[in-house]
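Welcome, and please open your viewer. We will go from stop to stop, and at each one you will hear what to select and what is there.

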Amino acid sequence: MPARLMDGKALAERIRGEIAEEVRELGDIGLATVLVGDDPASDIYIRLKHKAAAEVGINAKDIRLASQTTEEELLDQVAQLNSDDSIDGVLVQLPLPGQIDEARIVRAIDPIKDVDGLHPQNFGQLLLGRPGHVGATPVGVMRLLEEYDVPLEGARAVVVGRSDIVGKPQSLLLLHANATVTICHSRTKDLGAVTREADVVVVAVGHANVLGPEDVREGATVIDVGMNRGDDGVVGDVDPATAERAGLITPVPGGVGPMTIAMLLASAVKAAKYRRRLVAFPGA
Ligand SMILES: NC(=O)c1ccc[n+]([C@@H]2O[C@H](COP(=O)([O-])OP(=O)(O)OC[C@H]3O[C@@H](n4cnc5c(N)ncnc54)[C@H](OP(=O)(O)O)[C@@H]3O)[C@@H](O)[C@H]2O)c1
């Protein structure tokens, strides 16, 4: 029997409706995005984020800097946003041009406003099991798993990819949900042998067809984070034929992508609540 599709688009729409309600109650919420350079994929992500923010009533500020911007100039920009009381959340779109040290920029963002959850303080809190801001994509994946009642307690979860933005935080969230977690990456030997053991597989690699039907067990839950642009439009990391073996699978597009945008908005609301002293901790 083919897998049930996990409809991230519909769930994200519902979440955005709930966020719009919260924004109405909270009043003005400010989210600033900073894009350095003119990478076309980053431009699309930023546009989608702004459209979604506007729809829920978040005031989004779209800051665009030239590709030759220096590290010092970007640090100045981040410092301005940190001290701007009308801004609750700050997102610097990655990747940054080669002349800029990404880690230094991420460290400069006020952790309370760090809606991408990349600041070491937020990463540390996540590691300790008391998350504040966590990246929107892994949080969106957890929300999808919850929505479809996927059991995680004691489940074997395999995360393919160990990036700071997806793989690592995803693995930690699954661990905190009491799954037994294995992390795979480009040096993993016999990837299929590892993923075939999993009840839940999350794939965040960035190449089409990293996994196929032969790499998952019958009835497994498969979450495809990948977004790869080719001649046929956007495809995921997982061969769509995997749906013939999986129990649940996310489509691309329409699975994780819309959840990422919705959870980013949720993160901005979380930052706003903390900054207004409505919650004691951003993760509360
Ligand atoms: N849907 C969304 O909202 C959303 C959000 C974020 C990202 N994405 C997409 O998700 C994908 C991953 O993004 P990312 O930022 O995490 O990418 P990334 O920083 O490039 O990380 C990719 C990871 O995949 C691993 N990898 C590469 N080739 C592999 C292979 N053959 N087998 C196993 N692992 C392999 C790499 O291993 P090493 O560490 O050993 O190099 C690395 O850890 C991309 O397609 C991106 O566009 C989607």
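Before the first stop, a word on handedness: a crossing is left-handed if the near helix is turned anticlockwise from the far one by less than a right angle, and right-handed if clockwise. Helices (H or I, at least four residues) and strands (E, at least two) are DSSP runs, numbered from the N terminus. This is a predicted model, in which local features need pLDDT of at least 70, side-chain atom pairs count only at pLDDT 80 or more, and totals for chains, interfaces and linings use all residues. Residues are numbered from 1 along each chain as its sequence is written, and side-chain values use heavy atoms, with hydrogens and water left out.

**Stop 1: two helices**

Select residues 136-147, helix α6, and residues 167-176, helix α7. The crossing of α6 past α7 is right-handed. Their axes come within 8 Å and cross at roughly 35°; axes here are lines fitted to C-alpha atoms, for helices over the stretch in contact, and angles run from 0 to 180 degrees between N-to-C directions. Now show the side chains. From α6, Thr137, Pro138, Val139, Val141, Met142 and Leu145 make the contact, and from α7, Pro169, Gln170, Leu173 and Leu174 do. Contact means heavy atoms within 4.5 Å. Sorted by class, there are 8 nonpolar residues, 2 polar and no charged ones. In this count Ala, Val, Leu, Ile, Met, Phe, Trp, Tyr, Cys and Pro are nonpolar, Asp, Glu, Lys and Arg are charged, and the others, Gly among them, are polar.

**Stop 2: the ligand**

Next, select the ligand. How many residues surround the ligand? There are 21, and the closest are Arg162, Ser163, Ser186, Met227 and Thr260; a residue is near a molecule if one of its heavy atoms lies within 4 Å of it.

- Arg162 has a polar side-chain atom 2.7 Å from an oxygen atom of the ligand.
- Ser186 places a polar side-chain atom 2.5 Å from an oxygen atom of the ligand.
- His185 takes part through a backbone N or O atom, 3.4 Å from a nitrogen atom of the ligand.

**Stop 3: the loop between β10 and β11**

Is Thr242 buried or exposed? Select Thr242, in the loop between β10 (233-235) and β11: Thr242 is buried, because its relative accessible area is 0%. Buried means under 20% relative accessible area, exposed over 50%, and partly exposed in between (1.4 Å probe, protein chains only). Not counting residues up to four places away in sequence, Thr242 touches Leu211, Gly212, Pro213, Val216, Val222 and Ile249.

Glu244 is in the loop between β10 and β11 too, but Glu244 is exposed, at 56%.

**Stop 4: backbone details**

Select Leu94 and Pro95, which a cis peptide bond joins, with omega about 0°. Pro95 is in the loop between β4 (89-92) and α4 (102-108). Another cis peptide bond joins Val252 and Pro253, and Pro253 is in the loop between β11 (248-249) and α9 (256-275).

Finish with Asn209, whose phi is near 60°, a positive value in a residue other than glycine. Asn209 sits in the loop between β7 (200-203) and β8 (221-224) and counts as exposed because its relative accessibility is 52%.

Definitions and conventions. Polar contact = N/O pair within 3.5 Å; in protein donor to acceptor, adjacent residues only side chain to side chain.
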